[in-house]
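Hi there,

Here is the structure I promised to pass on.

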Amino acid sequence: MQTRITELFGIQYPIVQGGMHFVGKAELAAAVSEAGGLGILTALTQRTPADLAAEIDKCRAMTDKPFGVNLTFLPVVNAPDYLGYVKVICEKGIPVVETAGNNPIEHLPALKAAGVKIIHKCTSIRHALKAQDIGCDAVSVDGFECGGHPGEDDVPGLILLPLAAKALSVPFIASGGMADGKSLVAVLALGAEGMNLGTRFVATQEAPVHDRVKQAIVQAGERDTRLIMRPLRNTERVLRNPAVDQVIEKERALGHSIRFEDIAEQVAGVYYRIMVDGEVDAGAWSCGMVAGLIDDIPTVKQLIDRIVDEAKSVVAERLAAVF
């Protein structure tokens, strides 16, 4: 399977694992890369640049295939040591960085000088065009269906992807709602060069999260996610649980006067308890609507092989029969 994305990143299949907090670790990234996709380590899951360097070494010991690093630029008062993380990425010879959040332009010169390819996550065409203009090599176009932060425009992938195909000259991948071979064929038909899987990769055997997290995804339906933090213009799609219901009730009661401090107990500093300890109701955690399409917990290799086989079958049998 050859697309501009497989050629750009030197991978076998146009399947990318999204960077996810407390999920994008060596165990998962290495498994994705070994199976022919592009695994991604999440830099900010590692507390320091030195910790990221150690995680890169761990991943390299598990695979000799290309893998990347996600670096999310957060709008916070006390920013992480971004310069330190970028330095480690460059020194370790990481070939691909997935940037997200704020504009990464400050760090592009150093990354480019080290030969790093940059793919930036965008939830709108205007942001995708900006990423292209500042020199990003590729774009991840996230539809409204995605887990995590879908932006504030509420445009689903079925609209965003063909718009991106018209607007962009750099290659782009589709993110949000991706689960199987049918997803891959669909996004290729809409103009994407591959797809990004987030929630689907959480529900795999190698994902380094508690089994209760995986089971919660398997048991969820397509109607079981909620949008929170809309009044703060920091919208996040999360799996519904009692903590999320509390956030929604506070947002309803306080309206636009709500402050982050009002919901901090439910949304801040909860990921370790959820992902590692398995306290799935301890707070809000990202999950895509694609949970409704997930009903098992395969190995990463089983999942990627299944995606590829199904995609080939859809093209060779269903589409061929139609046309």
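Predicted model: local features only at pLDDT ≥ 70, side-chain atom pairs only at ≥ 80, totals over all residues.

Residues are numbered from 1 along each chain as its sequence is written, and side-chain values use heavy atoms, leaving out hydrogens and water.

Let's start with the domains. The domain assignment gives domain 1 (4-209 + 296-322) and domain 2 (221-286); such bounds come from an automatic or database assignment. Their C-alpha centres lie 24 Å apart. Where they meet, 14 residues of domain 1 are in contact with 13 residues of domain 2 (contact means heavy atoms within 4.5 Å). About 1,200 Å² is buried between the two domains, and carbon and sulfur atoms give 56% of that (buried area is the accessible area, with a 1.4 Å probe, that two parts lose on being put together, summed over both). On the domain 1 side, Phe 22, His 149 and Glu 152 supply 44% of the area buried against domain 2, more than any other three residues.

Two salt bridges are counted between domain 1 and domain 2 (a side-chain nitrogen of Lys or Arg within 4 Å of a carboxyl oxygen of Asp or Glu). Elsewhere in my list is a salt bridge between the side chains of Glu 152 and Arg 230, at 3.7 Å from N to O. The whole structure holds 18 salt bridges.

Now for the helices (DSSP runs of H or I, at least four residues, numbered from the N terminus). Helix 2 (residues 26-34) packs against helix 3 (residues 49-62) at an angle of about 40°, with the axes 9 Å apart (axes are lines fitted to C-alpha atoms over the stretch in contact, and angles run from 0 to 180 degrees between N-to-C directions). Ala 26, Glu 27, Ala 29, Ala 30 and Glu 34 of helix 2 make the contact with Glu 55, Lys 58, Cys 59 and Met 62 of helix 3. Within this contact, Lys 58 forms a salt bridge with Glu 27, their closest N and O atoms being 3.2 Å apart. Lys 58 lies in helix 3 and Glu 27 in helix 2, so this pair ties together parts that are 31 residues apart in sequence.

The other pair is helix 6 (residues 125-134) and helix 7 (residues 157-167), whose axes come within 10 Å and cross at roughly 35°. Here Ile 125, Leu 129 and Gln 132 of helix 6 meet Leu 160, Leu 163, Ala 164 and Ala 167 of helix 7.

Happy browsing!

Notes:
Helix = DSSP H or I, 4+ residues; strand = E, 2+ residues; numbered from the N terminus.
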